[in-house]
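This report describes selected side-chain interactions in a protein model. Please consult the sequence and the structure shown here alongside the text.

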Amino acid sequence: MNRNMWKRMVAFCLAVIVILGSVNVVQAAPKGYGFTYNRVTVYMNGSAKKLLDKAGRPKSKSESKSCAYDGMDRTYTFKDFVVKTYSKSKNGAEYINSIELLTSKVSTKEGIKIGSSKNDVIDAYGRATARFGMYTYTKGKCKLMIEMDEDDKVSKITYLAK
């Protein structure tokens with residue numbers, strides 16, 4: 001290889017390194033309904049760590065061996081919501097399986113909370129076929145289930161991983 005060829009190859013390699021070093025990797029936005037608490041937004045099947053850290057000490061916590069993985073299933077009950085997680089290995093990271101809203105002090109990102117009206121739900125998510133008073137909305141890897149009472153007020157909200 002002659003000297004000019006060598007210089008061109010080195011220059012090319014340096015250019016590639018500079019270009020690759022300046023490229024920002026853009027992560028795709030999560031698909032599904034997100035739940036936000038204390039400025040932390042989480043999605044089903046996503047990491048539970050930030051939410052659990054921000055939520056503080058739970059009122060209760062239980063765990064059992066996972067029937068789907070080698071890890072553990074855990075339930076954290078906080079004052080306003082319940083988070084159920086799973087891990088794929090014994091000491092592995094926890095991922096969110098479901099979140100159930102318990103009080104009107106927390107809401108969905110779209111502003112629906114316990115006590116919201118049926119019309120509020122339709123305005124936020126659109127029409128859905130109700131089955132026994134349960135409206136189910138699916139987006140990405142999340143089912144958002146909103147249960148209505150006999151007065152067409154929201155009585156239960158559950159995010160569930162698909």
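The sections below cover the basis of the model, a strand hairpin, the salt bridges and the aromatic pairs.

## Basis of the model

The model is predicted; local features need pLDDT of at least 70 and side-chain atom pairs count only at pLDDT 80 or more, while totals for chains, interfaces and linings use all residues. Residues are numbered from 1 along each chain as its sequence is written, and side-chain values use heavy atoms, with hydrogens and water left out.

## The S3–S4 hairpin

Helices (H or I, at least four residues) and strands (E, at least two) are DSSP runs, numbered from the N terminus. Strands S3 and S4 form a hairpin with six residues between them. Their pairing (at least two DSSP bridges between two strands) is antiparallel and extends over six bridges. Serine 62 has threonine 75 in S4 as its bridge partner.

Serine 66 lies in the loop between S3 (60–65) and S4 (72–77). With a relative accessible area of 8%, serine 66 is buried; buried means under 20%, exposed over 50% and partly exposed in between, for a 1.4 Å probe and protein chains only. The side chain of serine 66 reaches the backbone nitrogen of tyrosine 69 at 3.0 Å. Leaving aside residues up to four places away in sequence, serine 66 touches Gly71, Met72 and Asp73, where contact means heavy atoms within 4.5 Å.

## Salt bridges

Side chains of opposite charge can pair when their charged atoms come close. The structure holds three salt bridges, each defined as a side-chain nitrogen of Lys or Arg within 4 Å of a carboxyl oxygen of Asp or Glu. One of them joins lysine 49 to aspartate 53, with the closest N and O atoms 3.0 Å apart. Both residues lie in helix H2 (residues 49–55), four residues apart, about one turn of the helix, and both are exposed.

Glu63, Arg74 and Glu94 are linked in a network of salt bridges. Glutamate 63 and arginine 74 have their closest N and O atoms 2.9 Å apart. This pair links distant parts of the chain, from S3 to S4, 11 residues apart. Glutamate 63 counts as partly exposed at 47% relative accessibility, whereas arginine 74 is buried at 12%. The salt bridge between glutamate 94 and arginine 74 has an N to O distance of 3.8 Å, and it connects strand S6 with strand S4 across 20 residues.

Glutamate 94 lies in strand S6 (residues 94–101) and is buried, with a relative accessible area of 18%. Its side chain also makes a polar contact with the side chain of threonine 85 at 2.6 Å. A polar contact is a pair of N or O atoms within 3.5 Å; within protein, one must be able to donate a hydrogen and the other to accept it, and residues adjacent in sequence count only if both atoms are side-chain atoms.

## Aromatic pairs

A search of the whole structure finds nine aromatic pairs. Rings of Phe, Tyr and Trp (its six-membered ring) pair if their centres lie within 6.5 Å; planes under 30 degrees apart count as stacked, over 60 as edge-to-face and the rest as tilted. The rings of tyrosine 33 and tyrosine 125 have centres 5.5 Å apart and planes at 80°, so the pair is edge-to-face. Tyrosine 33 and tyrosine 125 are both buried. The rings of tyrosine 125 and tyrosine 137 lie 5.2 Å apart between centres with planes at 40°, so this pair is tilted.

Ring pairs also link Phe35, Tyr37, Tyr76, Phe78, Phe81 and Tyr159 into a cluster.
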